[in-house]
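Work through the exercises below with the sequence and the 3D structure at hand, and try each task before reading its solution.

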Amino acid sequence: MSTAHGAGCGKVILLGEHSVVHGRPALAAGLSRGARAEVTASPDARSHARFVFDTAEVVVQAADDSDHPLGRAFAALLGTYSAPPPVHLTVRLELPAGAGLGASAAMGVSASSALDAYLGIPRTPLERATQTLAWERVFHGNPSGVDNTMAAVGGVALFTRGEPLEPVRVRKPLVLVIGHSGESSETKQMVGLVAQQLEREPERIGQLFDAIAALVRNARLALEAGDLRALGQLMDMNHGLLSALMLSTARLEDLCHAARDAGALGAKVTGAGGGGCMVALAADHGAAHTILAALQSLGAESFVTEVGA
Ligand code: PMV
């Protein structure tokens, strides 16, 4: 058989990370950067994969008991097919891993779409989102599903666990600046930290999640109305509540402050926190480049992206 290709988007959570694990809504967008995959026939009787990152490569065999999570995730994904032939998968990641941009979901979705193309299986983006939960569980333990849904569907949407995805009609495309703290963090661990806080103080943390949900709903209205100033303020407020959940770091605080001082309409941690990335909302591309320069002057790897076009 020939070579088949597939792709998956990265994602940025505009508002609502973590509370989304506990049933509240999140507002998220697909990124044009993500992962690209290629599937060919395996030269032997086993399925193996090569993952190509910025500065490293990982080669694994698909096995439930693999030492590497990517080997277990690949086995979990193959387990969603009935009797797949042995294949060789190559995945190239275009995003930093462990940075809150949905790298693992982008890889899983790209692998699924290449496998489907190779096997001639038709699947809608939403079906792919459900299928790749098996992959995400290896990395996240208790994923809300927002990462793999945005990786498969793209666009801008309101995601609530267990409910139909609500695409959001964005009045004006958003210009975002994403800055990497340079600190890596594990989503599983950060999700566990929040779950512990919820267990210890269910009422207070539940109220905090409800407050985030209110910000998310207002942010959706701001997006639909093209009110970037209001959206930025809501992002700042969401950042404050994420900090209250101990998900920010001194470095992320510095980057958010620098972005706001350079003219960002709002800035916050995005994704799991505890390191990884922050996202700043810019009024336009000119403003985004000023914010980008401010983040880069602090040594943060950063880029400008547009969502909702
Ligand atoms: O850090 P990331 O890209 O894995 O994003 C995780 C988002 C969380 O809300 C923290 C977890 C989840 O499953 O929704």
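**Exercise 1.** Find how far apart Trp135 and Phe139 are along their helix.

*Solution.* Trp135 and Phe139 are 4 residues apart in helix H4, so about one helical turn separates them; helices here are DSSP runs of H or I with at least four residues, and strands are runs of E with at least two, numbered from the N terminus. Residues are numbered from 1 along each chain as its sequence is written. The model is predicted, so local features need pLDDT of at least 70 and side-chain atom pairs pLDDT 80 or more, while totals for chains, interfaces and linings use all residues, and side-chain values use heavy atoms, without hydrogens and water.

**Exercise 2.** Classify the ring pair of Trp135 and Phe139, and then that of Phe51 and Trp135.

*Solution.* Rings of Phe, Tyr and Trp (its six-membered ring) pair if their centres lie within 6.5 Å, and planes under 30 degrees apart count as stacked, over 60 as edge-to-face and the rest as tilted. For Trp135 and Phe139, the centres are 6.1 Å apart with 45° between the planes, which makes a tilted pair. For Phe51 and Trp135, the values are 6.3 Å and 55°, so this pair is tilted too. Phe51 lies in strand S3 (residues 48-52) and Trp135 in helix H4 (residues 133-140), so their pair ties together parts 84 residues apart in sequence. Phe51, Trp135 and Phe139 form one aromatic cluster.

**Exercise 3.** Decide whether Phe51, Trp135 and Phe139 are buried or exposed.

*Solution.* Buried means under 20% relative accessible area, exposed over 50%, and partly exposed in between (1.4 Å probe, protein chains only). Phe51 has 0% and is buried, Trp135 also has 0% and is buried, and Phe139, with 19%, is buried as well.
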